[in-house]
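Welcome! Take a moment to look over the sequence and turn the model around before you read on.

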There are 2 protein chains.
Amino acid sequence: MGGIPSKAPGAWKMAMKIQSVQKVTDYPYLNLFETRYSDAEGRDRVWRFASRNDPPQCGTDIRKSPDAVVIVPFHAGKNRLVIIREFRLSIGDYQYGFPAGLVEKGEAVAASVSRELREETGLTVTRWIKESPPVYSSAGMTDESVTLVYVECAGEPSRLGNTASEDIETFLVTPDEAAALCNAERAKLDVKTWLVLSVYGATGKIC
Amino acid sequence: MGGIPSKAPGAWKMAMKIQSVQKVTDYPYLNLFETRYSDAEGRDRVWRFASRNDPPQCGTDIRKSPDAVVIVPFHAGKNRLVIIREFRLSIGDYQYGFPAGLVEKGEAVAASVSRELREETGLTVTRWIKESPPVYSSAGMTDESVTLVYVECAGEPSRLGNTASEDIETFLVTPDEAAALCNAERAKLDVKTWLVLSVYGATGKIC
């Protein structure tokens, strides 16, 4: 492994020490939390972050199951990568992204992937290509973790599974269309989707 | 462009309509916001999200400059990809990621990239490879946007630029080390970093 130590991250001496973690809002799905910690020079400091979990990830020792799945679906029959365009309230506009959704309590990742892909696009998972471990969306702001799952899929896109809070359109894209979308002046894209589309655009491969 | 419409996303008829956006906490760096909107069936609903901006992205028409930069640094002299391992309060543990940081008020993206790379790793930008547009970290939870910047860099890693709230170690990794880290049992990784490392591990290329 050369440059990368192989022991568990928790085994390193930590220069910063968490003293307490407190929930400072009380909403049903998303809250702010306040961490009090001592920095590398022993000074007491405060850091706030957002979490859907209670307790949040920093209150637990182990890497838990992911908050959400993000699906990279390749339509084998049409030889195209599947993306969606969805209205996102946080940005007040449509965003190009991958089908994704929260893992329900007690639900296995594979079940969540099949359900979300069907609900959001009408397509069916036909082959599991690979998956990531749970990885973090933006740990400077939130403990949100996602598992990326690459699958092959089949079927015709449909909006019949969308709920009234979902406004989703499905697109099957070629590598040239993917490359163009990555550089489109006005399009808004999810960061994971931009990364996969830019590789697909350059190489024709999704992984 | 085949499957992808080329008109601006804002030009589509929106099935959902935002009625109001209100800040519901009052902290200095990160807050929760509450959007009241009517869904596709005309019902009034509420959605909460986190933002470092005031007003948040959904209160504006245009794609603004990014909240943060995320740097993908390739060390040309040592022929290795640069990653960092940083303590992250939200997950209470060390995470492997790329050098990154908030863009300061009035700061150009290029200046932010040079500053963050130097502060976090001690390395110097020598060549700009490419950059993404501002893309969104996780629009189901936050309007946070980042610009991904691929650069070549030079120098020896150093922790001299770390502040007392930063606990950062720099690693220069080969494709084999990157592939191993993507599958390591106990390692915690940022999602963008996992995506780039898995391509680098398979192909030896970063983009």
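Below is a short tour of this model, grouped by topic.

Keep in mind that this is a predicted model. Two chains meet here: 90 residues of chain A are in contact with 90 residues of chain B.

**Where the two chains meet**

- Between them, chain A and chain B bury about 8100 Å², and 67% of that area is on carbon and sulfur atoms.
- Three residues stand out on the chain A side: Leu89(A), Ser90(A) and Met141(A) supply 9% of the area that chain A buries against chain B, more than any other three residues.

**Salt bridges in chain A**

- Arg52(A) and Glu144(A) form a salt bridge, and their closest N and O atoms are 2.6 Å apart.
- Arg52(A) sits in the loop between β3 (44-51) and β4 (68-75) of chain A, while Glu144(A) sits in the loop between β9 (135-136) and β10 (145-154) of chain A, so this pair ties together parts that are 92 residues apart in sequence.
- Are these two partners buried or exposed? Arg52(A) counts as partly exposed, at 26% relative accessibility, whereas Glu144(A) is buried, with a relative accessible area of 3%. The cut-off to remember is that buried means under 20% relative accessible area.
- Another salt bridge joins the side chains of Arg115(A) and Glu116(A), at 3.1 Å from N to O.
- Arg115(A) is buried, with a relative accessible area of 11%, and Glu116(A) is buried too, with 6%.
- Arg115(A) and Glu116(A) also belong to a network of salt bridges that links them with Glu104(A), Glu107(A) and Glu119(A).

**A salt bridge in chain B**

- In chain B, the side chains of Arg52(B) and Glu144(B) meet in a salt bridge, with 2.6 Å from N to O.
- Arg52(B) lies in the loop between β3 (44-51) and β4 (68-75) of chain B, and Glu144(B) in the loop between β9 (135-136) and β10 (145-154) of chain B, so the pair ties together parts that are 92 residues apart in sequence.
- Arg52(B) is partly exposed, with a relative accessible area of 25%, whereas Glu144(B) counts as buried at 3% relative accessibility.

**A sheet in chain B**

- Three strands of chain B make an open sheet in the order β1-β2-β3, with antiparallel pairing.
- Which strands are at the edges? They are β1 (17-23) and β3 of chain B, each of which pairs on one side only.
- On average, neighbouring strands of this sheet are turned by 25° against each other, direction ignored.
- As background, strands of a sheet pair through backbone hydrogen bonds, either parallel or antiparallel.
- β1(B) and strand β2 (residues 31-38) of chain B run antiparallel and are joined by 6 bridges.
- To find one of these pairings, look for Ile18(B), whose bridge partner in β2(B) is Tyr37(B).

**Helix α3 of chain A**

- Helix α3 (residues 191-203) of chain A has 13 residues and reaches 19 Å from its first C-alpha to its last, close to the 18 Å expected at 1.5 Å a residue.
- Of the 13 residues of α3(A), 10 are buried, so this helix is largely enclosed by the rest of the structure.
- The buried residues of α3(A) include Val191(A), Trp194(A), Leu197(A) and Tyr200(A).
- Gly204(A) follows α3(A) and has a positive phi, near 75°.

**Helix α1 of chain B**

- The 13 residues of helix α1 (residues 109-121) of chain B should span 18 Å at 1.5 Å a residue, and the end C-alpha atoms are 18 Å apart, which agrees.
- Among the buried residues of α1(B) are Val109(B), Val113(B), Arg115(B) and Leu117(B).
- What do the buried residues of α1(B) pack against? Their neighbours are β4, β5 (80-88), β7 (100-102), β8 (124-131), β10 and β11 (168-173) of chain B.
- Gly122(B) comes after α1(B), and its phi is positive, near 80°.

**An exposed loop residue**

- Asn183(B) is found in the loop between α2 (175-182) and α3 (191-203) of chain B, and it counts as exposed at 60% relative accessibility.
- The C-alpha atoms of Asn183(B) and Cys58(B) are separated by 37 Å, and these residues are 125 residues apart along the chain.

Conventions. Residues are numbered from 1 along each chain as its sequence is written. Chains are lettered from A and ligands numbered from 1 in the order in which they are written. This is a predicted model: local features need pLDDT of at least 70, side-chain atom pairs count only at pLDDT 80 or more; totals for chains, interfaces and linings use all residues. Side-chain values use heavy atoms; hydrogens and water are left out. A salt bridge is a side-chain nitrogen of Lys or Arg within 4 Å of a carboxyl oxygen of Asp or Glu. Helices (H or I, at least four residues) and strands (E, at least two) are DSSP runs, numbered from the N terminus. Buried means under 20% relative accessible area, exposed over 50%, partly exposed in between (1.4 Å probe, protein chains only). Two strands pair if DSSP finds at least two bridges between them. Axes are lines fitted to C-alpha atoms, for helices over the stretch in contact, and angles run from 0 to 180 degrees between N-to-C directions. The expected span of a helix is 1.5 Å times one less than its number of residues. Contact means heavy atoms within 4.5 Å. Buried area is the accessible area (1.4 Å probe) that two parts lose on being put together, summed over both.
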